[in-house]
Amino acid sequence: TRTDILKALQERHMKPMETDTIEDKIIRSLTVEKREGRILYSGVITAEFLDPLGNASRGLLSMLMSKTAISHLQNQYYSCSLDKCSTDFYEVLGIDAHFVMEIQVVKTSKLHSKVDVSIRSKEKLIATSRMSILHALDE
């Protein structure tokens with residue numbers, strides 16, 4: 001029937017595509033805001049973020065910081081890849097914790113950019129990262 005077809009199409013739309021990775025799914029769930037030359041991503045820690053101890057996985061938070069920084073630069077440059085990364089973690093995040101990730105491009109040259117990324121939750125600094133990202137201007 002028509003309602004069965006519509007229901008199947010809605011379910012298909014809600015499920016991740018086969019080409020979607022967990023990173024893509026998580027990044028799409030974040031809200032983005034541009035303010036004073038900075039990019040702010042905000043979201044809530046869900047079950048997908050958790051490690052076996054019930055805290056947000058540091059590996060996943062590192063991935064999230066690098067992927068969002070690279071995706072921000074890919075809007076301006078043809079190809080971007082992570083060259084160097086130094087990340088420090090100060091606090092843990094539990095499930096349902098709201099967080100804000102701030103991305104600021106510190107310096108850009110012809111071949112690479114320096115980017116600072118920080119994660120905060122309830123005004124507490126959770127993690128910081130300084131990245132060097134290589135890029136190309138065109139194909």
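A: In this predicted model, the sulfur of cysteine 85 is 15 Å from the closest cysteine sulfur, which belongs to cysteine 80, and this is too far for a bond. A disulfide would require the two sulfur atoms to be within 2.5 Å. The structure accordingly holds zero disulfides. Cysteine 80 is in no disulfide either, since the nearest cysteine sulfur, that of cysteine 85, is 15 Å away. The surroundings of the two residues can also be described. Cysteine 80 has a relative accessible area of 10%, so it is buried. Cysteine 85, with a relative accessible area of 42%, is partly exposed.

The chain contains three helices and six strands. Followed along the sequence, these elements give the pattern α-α-β-β-α-β-β-β-β. The C-alpha trace spans about 60 × 40 × 30 Å along its principal axes. Of the 139 residues in the chain, 30% are buried.

Helix H3 comprises residues 58-74, a run of 17 residues. At 1.5 Å a residue, the helix should span 24 Å; its end C-alpha atoms are 24 Å apart, so the model agrees with the expectation. The buried residues of H3 are Leu60, Leu61, Met63, Leu64, Met65, Ser66, Thr68, Ala69, Ile70, His72 and Leu73. An α-helix has 3.6 residues a turn, so residues three or four places apart point the same way.

What do the buried residues of H3 pack against? Their partners are helix H2 (22-28) and the strands E2 (38-44), E3 (79-89), E4 (98-108), E5 (112-121) and E6 (124-136). Setting aside residues up to four places away in sequence, serine 66 touches Leu82 and Met131.

Among contacts between residues at least 6 apart in sequence, 61% join residues at least 24 apart.

One of the strands against which H3 packs is E6, and threonine 128 is found in that strand. Beyond its neighbours within four places in sequence, threonine 128 is in contact with Ser86, Thr87, Asp88, Tyr90, Val117 and Ser118. Between threonine 128 and valine 100 there are 28 residues in sequence and 12 Å in space, C-alpha to C-alpha.

The accessible surface of the chain comes to about 9,300 Å², and 51% of it belongs to carbon and sulfur atoms. Ile5, Leu6 and Leu9 form a nonpolar patch there, with about 280 Å² of accessible area together. Isoleucine 5 has its place in helix H1 (residues 2-14).

Definitions and conventions. Residues numbered from 1 in each chain as written. Predicted model: local features only at pLDDT ≥ 70, side-chain atom pairs only at ≥ 80, totals over all residues. Heavy atoms only, no water. Buried < 20%, exposed > 50% of the residue type's maximum accessible area, 1.4 Å probe, protein only. Patch = residues over 30% accessible without salt bridge, like charges linked within 9 Å, V, L, I, M, F, W, Y side chains within 5 Å. Areas by Shrake-Rupley, 256 points an atom, 1.4 Å probe, with all protein chains shown as cover. Salt bridge = Lys/Arg side-chain N within 4 Å of Asp/Glu carboxyl O. Helix = DSSP H or I, 4+ residues; strand = E, 2+ residues; numbered from the N terminus. Expected span 1.5 Å × (residues − 1). Contact = heavy atoms within 4.5 Å.
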